[in-house]
Protein chains: 2
Amino acid sequence: MIPPPVSSRRSALKHTLNFCTLGTLWPLSNSLAQAEVKTNMNPNPRLHSFIGGLEGPWRVTSQRTLIGDGLSPVTRLNYLPENITPPPSHASWVLHGATSNERYVTRSEKEQLLAKQKALGRLEATCAVLIPIKKNEKWWSLTQDERREIFEAQSHHNQIGMDYLPAIARRLHHCRDLTSSEPFDFLTWFEFAEEHTAEFDKLLTRLRATEEWKYVEREVEVRVTKA
Amino acid sequence: MIPPPVSSRRSALKHTLNFCTLGTLWPLSNSLAQAEVKTNMNPNPRLHSFIGGLEGPWRVTSQRTLIGDGLSPVTRLNYLPENITPPPSHASWVLHGATSNERYVTRSEKEQLLAKQKALGRLEATCAVLIPIKKNEKWWSLTQDERREIFEAQSHHNQIGMDYLPAIARRLHHCRDLTSSEPFDFLTWFEFAEEHTAEFDKLLTRLRATEEWKYVEREVEVRVTKA
(Lines give C-alpha, C1' and ligand atoms only; values in the text may rest on other atoms or scores of the structure.)
Protein backbone atom coordinates (compact mmCIF):
# COMPACT_ATOMS: atom_id res chain seq x y z
CA MET A 1 0.00 0.00 0.00
CA ILE A 2 2.12 2.85 -1.28
CA PRO A 3 0.05 6.03 -1.21
CA PRO A 4 0.17 8.55 -4.04
CA PRO A 5 2.76 11.32 -3.77
CA VAL A 6 1.67 14.39 -1.87
CA SER A 7 2.50 17.77 -3.36
CA SER A 8 4.56 20.25 -1.36
CA ARG A 9 4.53 23.99 -1.82
CA ARG A 10 7.90 24.79 -0.32
CA SER A 11 10.26 21.88 -0.64
CA ALA A 12 11.14 19.30 -3.19
CA LEU A 13 9.42 16.04 -2.38
CA LYS A 14 12.01 13.58 -1.13
CA HIS A 15 10.94 10.03 -1.91
CA THR A 16 10.60 7.05 0.34
CA LEU A 17 13.77 6.03 2.13
CA ASN A 18 15.95 8.69 0.58
CA PHE A 19 18.56 9.74 3.09
CA CYS A 20 17.62 12.98 4.74
CA THR A 21 19.31 15.32 7.19
CA LEU A 22 19.40 13.91 10.69
CA GLY A 23 19.08 17.18 12.55
CA THR A 24 19.57 16.62 16.26
CA LEU A 25 18.60 12.97 16.12
CA TRP A 26 20.64 9.85 16.70
CA PRO A 27 22.79 8.21 14.04
CA LEU A 28 22.14 4.60 13.07
CA SER A 29 25.31 3.18 14.62
CA ASN A 30 24.66 1.42 17.90
CA SER A 31 27.67 2.67 19.83
CA LEU A 32 27.26 6.16 18.43
CA ALA A 33 23.57 6.09 19.27
CA GLN A 34 24.42 5.28 22.88
CA ALA A 35 27.17 7.89 23.02
CA GLU A 36 25.06 10.62 21.48
CA VAL A 37 22.08 10.23 23.78
CA LYS A 38 23.31 12.81 26.20
CA THR A 39 24.83 15.24 23.72
CA ASN A 40 21.67 15.11 21.64
CA MET A 41 19.55 15.85 24.66
CA ASN A 42 19.85 19.52 23.84
CA PRO A 43 17.96 21.37 26.53
CA ASN A 44 14.89 23.38 25.72
CA PRO A 45 16.37 26.93 25.41
CA ARG A 46 13.33 28.33 27.23
CA LEU A 47 13.83 26.07 30.28
CA HIS A 48 14.52 27.68 33.67
CA SER A 49 15.32 26.24 37.11
CA PHE A 50 14.53 27.50 40.59
CA ILE A 51 16.93 25.96 43.08
CA GLY A 52 15.94 26.08 46.73
CA GLY A 53 18.73 25.36 49.19
CA LEU A 54 21.55 26.93 51.15
CA GLU A 55 23.18 28.98 48.39
CA GLY A 56 22.16 31.49 45.78
CA PRO A 57 21.83 35.24 45.20
CA TRP A 58 18.33 35.48 46.67
CA ARG A 59 17.84 35.29 50.46
CA VAL A 60 14.51 33.74 51.50
CA THR A 61 12.56 36.04 53.82
CA SER A 62 9.32 34.06 53.88
CA GLN A 63 8.16 30.67 52.65
CA ARG A 64 4.52 29.82 52.99
CA THR A 65 2.06 27.17 51.87
CA LEU A 66 -1.27 28.54 50.73
CA ILE A 67 -2.97 25.43 49.33
CA GLY A 68 -2.01 21.75 49.50
CA ASP A 69 1.46 20.40 50.21
CA GLY A 70 4.36 22.78 50.84
CA LEU A 71 8.01 22.68 49.89
CA SER A 72 10.92 21.83 52.13
CA PRO A 73 12.11 25.05 53.83
CA VAL A 74 15.16 26.74 52.32
CA THR A 75 17.24 29.81 53.13
CA ARG A 76 18.46 30.74 49.66
CA LEU A 77 17.09 30.64 46.14
CA ASN A 78 18.79 30.60 42.76
CA TYR A 79 17.01 31.25 39.47
CA LEU A 80 18.85 30.07 36.37
CA PRO A 81 17.98 30.06 32.66
CA GLU A 82 18.86 26.37 32.23
CA ASN A 83 18.29 22.85 33.52
CA ILE A 84 20.42 21.77 36.48
CA THR A 85 21.21 18.04 36.48
CA PRO A 86 22.27 16.76 38.90
CA PRO A 87 21.11 19.43 41.32
CA PRO A 88 23.77 21.14 43.45
CA SER A 89 24.51 19.32 46.70
CA HIS A 90 23.07 22.09 48.87
CA ALA A 91 19.69 21.98 47.09
CA SER A 92 16.53 20.85 48.83
CA TRP A 93 14.47 21.13 45.68
CA VAL A 94 14.71 22.20 42.08
CA LEU A 95 11.63 23.32 40.17
CA HIS A 96 11.70 23.46 36.37
CA GLY A 97 9.54 25.41 33.94
CA ALA A 98 9.71 26.69 30.39
CA THR A 99 8.62 30.06 29.13
CA SER A 100 6.28 29.54 26.21
CA ASN A 101 3.73 31.14 23.92
CA GLU A 102 0.81 32.88 25.64
CA ARG A 103 -2.26 30.72 26.09
CA TYR A 104 -5.00 33.29 26.77
CA VAL A 105 -3.85 36.81 25.96
CA THR A 106 -5.35 38.47 22.88
CA ARG A 107 -3.42 40.78 20.56
CA SER A 108 -4.96 43.94 22.02
CA GLU A 109 -4.23 42.77 25.57
CA LYS A 110 -0.66 41.90 24.58
CA GLU A 111 -0.11 45.36 23.06
CA GLN A 112 -1.30 46.95 26.30
CA LEU A 113 1.01 44.72 28.35
CA LEU A 114 4.02 45.39 26.12
CA ALA A 115 3.43 49.12 26.36
CA LYS A 116 3.43 49.10 30.17
CA GLN A 117 5.55 46.21 31.42
CA LYS A 118 9.24 46.31 32.39
CA ALA A 119 11.85 43.59 32.01
CA LEU A 120 13.21 41.51 34.86
CA GLY A 121 16.58 42.44 36.33
CA ARG A 122 16.03 46.10 37.17
CA LEU A 123 18.58 47.35 39.71
CA GLU A 124 15.91 48.74 42.02
CA ALA A 125 13.94 45.44 41.99
CA THR A 126 15.56 43.96 45.09
CA CYS A 127 12.46 41.99 46.07
CA ALA A 128 11.22 38.91 44.26
CA VAL A 129 8.60 36.23 44.80
CA LEU A 130 8.33 32.73 43.38
CA ILE A 131 4.78 31.35 43.30
CA PRO A 132 4.47 27.74 42.13
CA ILE A 133 0.89 26.63 41.55
CA LYS A 134 -0.86 23.48 40.39
CA LYS A 135 -4.36 23.53 38.96
CA ASN A 136 -6.77 20.63 39.39
CA GLU A 137 -8.00 18.07 36.86
CA LYS A 138 -11.27 19.94 36.47
CA TRP A 139 -9.37 22.94 35.09
CA TRP A 140 -7.39 20.84 32.63
CA SER A 141 -10.48 19.07 31.35
CA LEU A 142 -12.05 22.40 30.37
CA THR A 143 -11.86 23.47 26.75
CA GLN A 144 -9.96 26.54 25.61
CA ASP A 145 -13.04 28.79 25.48
CA GLU A 146 -14.09 27.72 28.97
CA ARG A 147 -10.64 28.36 30.43
CA ARG A 148 -10.40 31.75 28.73
CA GLU A 149 -13.88 32.65 30.04
CA ILE A 150 -12.82 31.89 33.62
CA PHE A 151 -9.33 33.41 33.22
CA GLU A 152 -10.39 36.78 31.84
CA ALA A 153 -14.16 37.34 31.59
CA GLN A 154 -14.80 36.10 35.14
CA SER A 155 -11.45 36.55 36.87
CA HIS A 156 -9.90 39.50 34.98
CA HIS A 157 -6.48 37.89 35.47
CA ASN A 158 -4.82 39.96 32.77
CA GLN A 159 -6.56 43.17 33.82
CA ILE A 160 -5.52 42.70 37.45
CA GLY A 161 -1.90 42.24 36.38
CA MET A 162 -2.10 45.37 34.23
CA ASP A 163 -3.09 47.45 37.25
CA TYR A 164 0.34 46.84 38.82
CA LEU A 165 2.51 47.58 35.80
CA PRO A 166 5.18 48.75 35.46
CA ALA A 167 5.99 48.36 39.18
CA ILE A 168 5.70 44.55 39.24
CA ALA A 169 7.69 42.67 36.57
CA ARG A 170 6.61 39.08 35.99
CA ARG A 171 7.66 35.94 34.11
CA LEU A 172 5.53 32.81 33.73
CA HIS A 173 7.03 29.32 33.34
CA HIS A 174 5.03 26.26 32.25
CA CYS A 175 5.78 22.86 33.85
CA ARG A 176 2.90 20.65 32.77
CA ASP A 177 4.30 19.44 29.46
CA LEU A 178 7.92 18.87 30.48
CA THR A 179 9.47 15.43 30.00
CA SER A 180 9.43 14.77 33.73
CA SER A 181 6.38 14.89 35.95
CA GLU A 182 6.70 18.18 37.82
CA PRO A 183 4.98 18.94 41.13
CA PHE A 184 3.49 22.21 39.83
CA ASP A 185 1.87 23.37 36.57
CA PHE A 186 3.18 26.95 36.66
CA LEU A 187 6.02 28.87 38.28
CA THR A 188 5.54 32.61 38.34
CA TRP A 189 8.43 34.89 39.22
CA PHE A 190 7.76 38.50 40.24
CA GLU A 191 10.33 41.28 40.78
CA PHE A 192 9.72 44.71 42.31
CA ALA A 193 11.31 47.46 44.38
CA GLU A 194 10.79 47.20 48.12
CA GLU A 195 8.56 50.29 48.11
CA HIS A 196 6.05 48.39 45.93
CA THR A 197 5.59 45.50 48.36
CA ALA A 198 2.13 46.65 49.47
CA GLU A 199 1.03 46.87 45.84
CA PHE A 200 2.29 43.35 45.24
CA ASP A 201 0.32 42.13 48.26
CA LYS A 202 -2.83 43.71 46.82
CA LEU A 203 -2.20 42.02 43.47
CA LEU A 204 -1.97 38.63 45.19
CA THR A 205 -5.05 39.21 47.31
CA ARG A 206 -7.08 40.11 44.23
CA LEU A 207 -5.85 37.14 42.18
CA ARG A 208 -6.46 34.68 45.00
CA ALA A 209 -10.06 35.89 45.34
CA THR A 210 -10.89 35.12 41.69
CA GLU A 211 -13.01 32.32 40.24
CA GLU A 212 -9.84 31.03 38.53
CA TRP A 213 -8.17 30.37 41.90
CA LYS A 214 -10.90 27.86 42.81
CA TYR A 215 -9.10 25.52 40.40
CA VAL A 216 -5.75 25.85 42.21
CA GLU A 217 -5.03 22.73 44.27
CA ARG A 218 -1.47 23.55 45.36
CA GLU A 219 0.17 26.92 45.93
CA VAL A 220 3.38 27.93 47.65
CA GLU A 221 4.85 31.42 48.05
CA VAL A 222 8.59 32.01 48.43
CA ARG A 223 9.57 35.65 49.07
CA VAL A 224 13.20 36.65 48.62
CA THR A 225 15.46 39.69 48.63
CA LYS A 226 18.76 40.24 46.89
CA ALA A 227 21.46 38.89 49.20
CA MET B 1 10.83 42.64 55.06
CA ILE B 2 8.34 40.05 56.26
CA PRO B 3 5.10 40.55 54.39
CA PRO B 4 1.72 40.32 56.11
CA PRO B 5 0.06 36.89 56.20
CA VAL B 6 -2.07 36.03 53.21
CA SER B 7 -5.41 34.39 53.87
CA SER B 8 -6.16 30.99 52.38
CA ARG B 9 -9.59 29.62 51.72
CA ARG B 10 -8.74 25.92 51.64
CA SER B 11 -5.70 25.20 53.74
CA ALA B 12 -4.33 26.26 57.04
CA LEU B 13 -1.61 28.83 56.54
CA LYS B 14 1.73 27.25 57.32
CA HIS B 15 4.19 29.84 58.51
CA THR B 16 7.63 30.66 57.26
CA LEU B 17 10.08 27.78 57.30
CA ASN B 18 7.70 25.27 58.81
CA PHE B 19 8.55 21.84 57.51
CA CYS B 20 6.22 20.83 54.72
CA THR B 21 5.65 17.69 52.70
CA LEU B 22 8.35 17.14 50.11
CA GLY B 23 6.19 15.51 47.46
CA THR B 24 8.40 14.23 44.64
CA LEU B 25 11.27 16.61 45.38
CA TRP B 26 14.75 15.95 46.64
CA PRO B 27 15.59 15.55 50.29
CA LEU B 28 18.10 17.87 51.92
CA SER B 29 20.86 15.30 52.37
CA ASN B 30 23.61 15.66 49.78
CA SER B 31 24.17 11.98 49.06
CA LEU B 32 20.46 11.29 49.04
CA ALA B 33 19.87 14.28 46.79
CA GLN B 34 22.33 12.87 44.27
CA ALA B 35 20.92 9.36 44.54
CA GLU B 36 17.33 10.48 44.16
CA VAL B 37 17.84 12.58 41.05
CA LYS B 38 16.98 9.74 38.74
CA THR B 39 14.27 8.12 40.81
CA ASN B 40 12.60 11.47 41.31
CA MET B 41 12.69 12.17 37.61
CA ASN B 42 9.26 10.63 37.37
CA PRO B 43 8.30 10.71 33.74
CA ASN B 44 5.38 12.76 32.55
CA PRO B 45 2.59 10.13 32.41
CA ARG B 46 1.33 11.66 29.15
CA LEU B 47 4.72 11.28 27.40
CA HIS B 48 4.93 9.05 24.31
CA SER B 49 7.86 7.97 22.11
CA PHE B 50 8.04 7.13 18.42
CA ILE B 51 11.07 4.96 17.75
CA GLY B 52 12.24 4.74 14.14
CA GLY B 53 14.67 1.91 13.41
CA LEU B 54 14.90 -1.73 12.45
CA GLU B 55 12.39 -3.19 14.93
CA GLY B 56 8.84 -2.59 16.01
CA PRO B 57 5.27 -3.69 15.30
CA TRP B 58 4.73 -1.17 12.48
CA ARG B 59 6.37 -1.76 9.07
CA VAL B 60 7.25 1.45 7.22
CA THR B 61 5.72 1.54 3.74
CA SER B 62 6.59 5.13 2.90
CA GLN B 63 8.70 7.88 4.47
CA ARG B 64 8.58 11.29 2.87
CA THR B 65 9.72 14.81 3.58
CA LEU B 66 7.16 17.47 2.74
CA ILE B 67 8.80 20.61 4.13
CA GLY B 68 12.31 21.24 5.45
CA ASP B 69 14.72 18.59 6.70
CA GLY B 70 13.71 14.94 6.69
CA LEU B 71 14.39 12.10 9.10
CA SER B 72 16.86 9.26 8.64
CA PRO B 73 15.12 6.43 6.76
CA VAL B 74 13.83 3.53 8.83
CA THR B 75 12.07 0.24 8.12
CA ARG B 76 10.13 -0.21 11.35
CA LEU B 77 8.36 2.04 13.82
CA ASN B 78 7.42 1.55 17.46
CA TYR B 79 4.97 3.77 19.34
CA LEU B 80 5.18 3.56 23.12
CA PRO B 81 3.39 5.38 25.96
CA GLU B 82 6.64 6.24 27.76
CA ASN B 83 10.08 7.81 27.44
CA ILE B 84 12.84 5.56 26.10
CA THR B 85 16.29 6.40 27.51
CA PRO B 86 18.71 5.33 26.25
CA PRO B 87 17.10 4.52 22.90
CA PRO B 88 17.26 0.91 21.71
CA SER B 89 20.40 0.08 19.75
CA HIS B 90 18.52 -0.40 16.47
CA ALA B 91 16.96 3.07 16.60
CA SER B 92 17.82 5.78 14.10
CA TRP B 93 15.69 8.33 15.87
CA VAL B 94 13.29 8.73 18.76
CA LEU B 95 10.68 11.47 18.78
CA HIS B 96 8.97 12.46 22.03
CA GLY B 97 5.69 14.21 22.63
CA ALA B 98 3.11 14.56 25.39
CA THR B 99 -0.63 14.49 25.03
CA SER B 100 -2.05 17.57 26.70
CA ASN B 101 -5.09 19.76 27.13
CA GLU B 102 -6.66 21.09 23.94
CA ARG B 103 -5.42 24.50 22.87
CA TYR B 104 -8.09 25.63 20.38
CA VAL B 105 -11.17 23.42 20.56
CA THR B 106 -14.32 24.90 22.10
CA ARG B 107 -16.78 22.96 24.23
CA SER B 108 -19.31 22.59 21.40
CA GLU B 109 -16.60 21.41 19.00
CA LYS B 110 -15.31 18.96 21.61
CA GLU B 111 -18.78 17.52 22.14
CA GLN B 112 -19.11 16.95 18.39
CA LEU B 113 -15.69 15.29 18.27
CA LEU B 114 -16.41 13.04 21.25
CA ALA B 115 -19.70 11.95 19.71
CA LYS B 116 -18.06 10.87 16.44
CA GLN B 117 -14.46 9.84 17.11
CA LYS B 118 -13.15 6.34 17.79
CA ALA B 119 -10.26 5.31 20.01
CA LEU B 120 -6.87 4.17 18.74
CA GLY B 121 -6.14 0.45 18.61
CA ARG B 122 -9.11 -0.83 16.60
CA LEU B 123 -8.42 -4.28 15.15
CA GLU B 124 -9.35 -3.20 11.63
CA ALA B 125 -7.06 -0.13 11.77
CA THR B 126 -4.02 -1.82 10.22
CA CYS B 127 -2.73 1.41 8.64
CA ALA B 128 -1.18 4.26 10.57
CA VAL B 129 0.66 7.47 9.77
CA LEU B 130 3.02 9.54 11.89
CA ILE B 131 3.22 13.19 10.85
CA PRO B 132 5.75 15.28 12.79
CA ILE B 133 5.50 19.03 12.09
CA LYS B 134 7.27 22.15 13.27
CA LYS B 135 5.67 25.57 13.00
CA ASN B 136 7.70 28.72 12.45
CA GLU B 137 8.53 31.56 14.83
CA LYS B 138 5.86 33.74 13.24
CA TRP B 139 3.20 31.25 14.38
CA TRP B 140 4.51 31.11 17.92
CA SER B 141 4.66 34.89 18.23
CA LEU B 142 0.95 35.15 17.44
CA THR B 143 -1.46 35.58 20.33
CA GLN B 144 -4.11 32.99 21.22
CA ASP B 145 -6.93 34.78 19.39
CA GLU B 146 -4.80 35.14 16.24
CA ARG B 147 -3.81 31.46 16.25
CA ARG B 148 -7.39 30.35 16.86
CA GLU B 149 -8.57 32.61 14.00
CA ILE B 150 -6.11 30.99 11.58
CA PHE B 151 -6.64 27.47 12.97
CA GLU B 152 -10.43 27.38 12.73
CA ALA B 153 -12.04 30.48 11.18
CA GLN B 154 -9.63 30.53 8.22
CA SER B 155 -8.39 26.93 8.04
CA HIS B 156 -11.32 24.94 9.46
CA HIS B 157 -8.80 22.52 10.94
CA ASN B 158 -11.28 21.00 13.36
CA GLN B 159 -14.10 20.89 10.80
CA ILE B 160 -11.87 19.13 8.25
CA GLY B 161 -10.92 16.51 10.84
CA MET B 162 -14.61 16.02 11.70
CA ASP B 163 -15.40 15.14 8.09
CA TYR B 164 -13.27 11.97 8.36
CA LEU B 165 -14.62 10.67 11.65
CA PRO B 166 -15.05 7.95 12.74
CA ALA B 167 -12.91 6.36 9.98
CA ILE B 168 -9.68 8.16 10.93
CA ALA B 169 -8.65 7.97 14.59
CA ARG B 170 -6.07 10.53 15.70
CA ARG B 171 -3.87 11.46 18.66
CA LEU B 172 -1.90 14.70 19.00
CA HIS B 173 1.35 14.94 20.97
CA HIS B 174 3.00 18.25 21.95
CA CYS B 175 6.82 18.53 21.88
CA ARG B 176 7.51 22.25 22.21
CA ASP B 177 7.53 22.48 25.99
CA LEU B 178 9.43 19.29 26.81
CA THR B 179 12.61 19.51 28.88
CA SER B 180 14.76 18.74 25.85
CA SER B 181 14.77 20.68 22.62
CA GLU B 182 12.80 18.51 20.18
CA PRO B 183 13.08 18.73 16.39
CA PHE B 184 9.30 19.07 15.94
CA ASP B 185 6.47 20.93 17.71
CA PHE B 186 3.78 18.30 17.18
CA LEU B 187 3.56 14.59 16.43
CA THR B 188 0.22 13.45 15.09
CA TRP B 189 -0.60 9.74 14.89
CA PHE B 190 -3.46 8.56 12.68
CA GLU B 191 -4.94 5.06 12.50
CA PHE B 192 -7.43 3.72 9.93
CA ALA B 193 -8.49 0.61 8.02
CA GLU B 194 -6.81 0.12 4.65
CA GLU B 195 -10.10 0.79 2.83
CA HIS B 196 -10.05 4.37 4.19
CA THR B 197 -6.65 5.24 2.76
CA ALA B 198 -8.10 7.44 0.01
CA GLU B 199 -10.14 9.36 2.60
CA PHE B 200 -7.01 9.88 4.67
CA ASP B 201 -5.19 11.21 1.61
CA LYS B 202 -8.02 13.72 1.05
CA LEU B 203 -7.83 14.81 4.69
CA LEU B 204 -4.10 15.51 4.31
CA THR B 205 -4.53 17.33 1.01
CA ARG B 206 -7.17 19.60 2.52
CA LEU B 207 -5.14 20.34 5.68
CA ARG B 208 -1.98 21.08 3.70
CA ALA B 209 -3.85 23.59 1.53
CA THR B 210 -4.95 25.67 4.55
CA GLU B 211 -3.71 29.07 5.71
CA GLU B 212 -2.47 27.34 8.88
CA TRP B 213 -0.02 25.21 6.89
CA LYS B 214 1.80 28.35 5.67
CA TYR B 215 3.27 28.43 9.19
CA VAL B 216 4.66 24.87 8.94
CA GLU B 217 8.41 24.95 8.40
CA ARG B 218 9.14 21.23 8.72
CA GLU B 219 6.92 18.26 7.93
CA VAL B 220 7.64 14.56 7.53
CA GLU B 221 5.19 11.76 6.80
CA VAL B 222 5.84 8.16 7.89
CA ARG B 223 3.25 5.64 6.68
CA VAL B 224 3.17 2.22 8.30
CA THR B 225 1.14 -1.00 8.35
CA LYS B 226 0.82 -3.58 11.08
CA ALA B 227 3.69 -6.02 10.64
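**Salt bridges and buried residues: a short tour**

Hi everyone, let's begin in chain B, where the side chains of Asp201(B) and Arg223(B) meet in a salt bridge, with N and O 2.8 Å apart. Asp201(B) belongs to helix H6 and Arg223(B) to strand S8, so this pair ties together parts that are 22 residues apart in sequence. Please keep in mind that this is a predicted model.

The next pair is Glu219(B) and Arg208(B), whose closest N and O atoms are 2.8 Å apart in a salt bridge. Here Glu219(B) is in strand S8 and Arg208(B) in helix H6, so the bridge links parts 11 residues apart in sequence. Both Glu219(B) and Arg208(B) are buried. Over in chain A, salt bridges with shared partners join Arg64(A), Asp201(A), Arg208(A), Glu219(A), Glu221(A) and Arg223(A) into one network.

If you wonder what brings such pairs about, side chains of opposite charge can pair when their charged atoms come close. Over all chains, the structure holds 28 salt bridges.

One more of them is formed by Lys135(B) and Glu212(B), with the closest N and O atoms 2.6 Å apart. Lys135(B) sits in strand S5, while Glu212(B) sits in the loop between helix H6 and strand S8, so this pair ties together parts that are 77 residues apart in sequence. Lys135(B) is buried at 4% relative accessibility, and Glu212(B) is buried at 2%.

Glu212(B) also leads us to Trp139(B), because the contacts of Trp139(B) include Glu212(B), along with Tyr104(B) and Tyr215(B). You will find Trp139(B) in helix H3 of chain B, and its relative accessible area is 0%, so it is buried.

Now for helix H2 of chain A, residues 107-116. Which of its residues are buried? They are Glu109(A), Lys110(A) and Leu113(A).

Let's finish in the loop between H4 and H5 of chain A, where Ser155(A) lies. Ser155(A) is buried, with a relative accessible area of 2%, and its side chain reaches the backbone oxygen of Ile150(A) at 2.6 Å.

Technical notes. Residues numbered from 1 in each chain as written. Chains lettered and ligands numbered in written order. Predicted model: local features only at pLDDT ≥ 70, side-chain atom pairs only at ≥ 80, totals over all residues. Heavy atoms only, no water. Helix = DSSP H or I, 4+ residues; strand = E, 2+ residues; numbered from the N terminus. Buried < 20%, exposed > 50% of the residue type's maximum accessible area, 1.4 Å probe, protein only. Contact = heavy atoms within 4.5 Å. Polar contact = N/O pair within 3.5 Å; in protein donor to acceptor, adjacent residues only side chain to side chain. Salt bridge = Lys/Arg side-chain N within 4 Å of Asp/Glu carboxyl O. Lists of a residue's contacts leave out its neighbours within four places in sequence.
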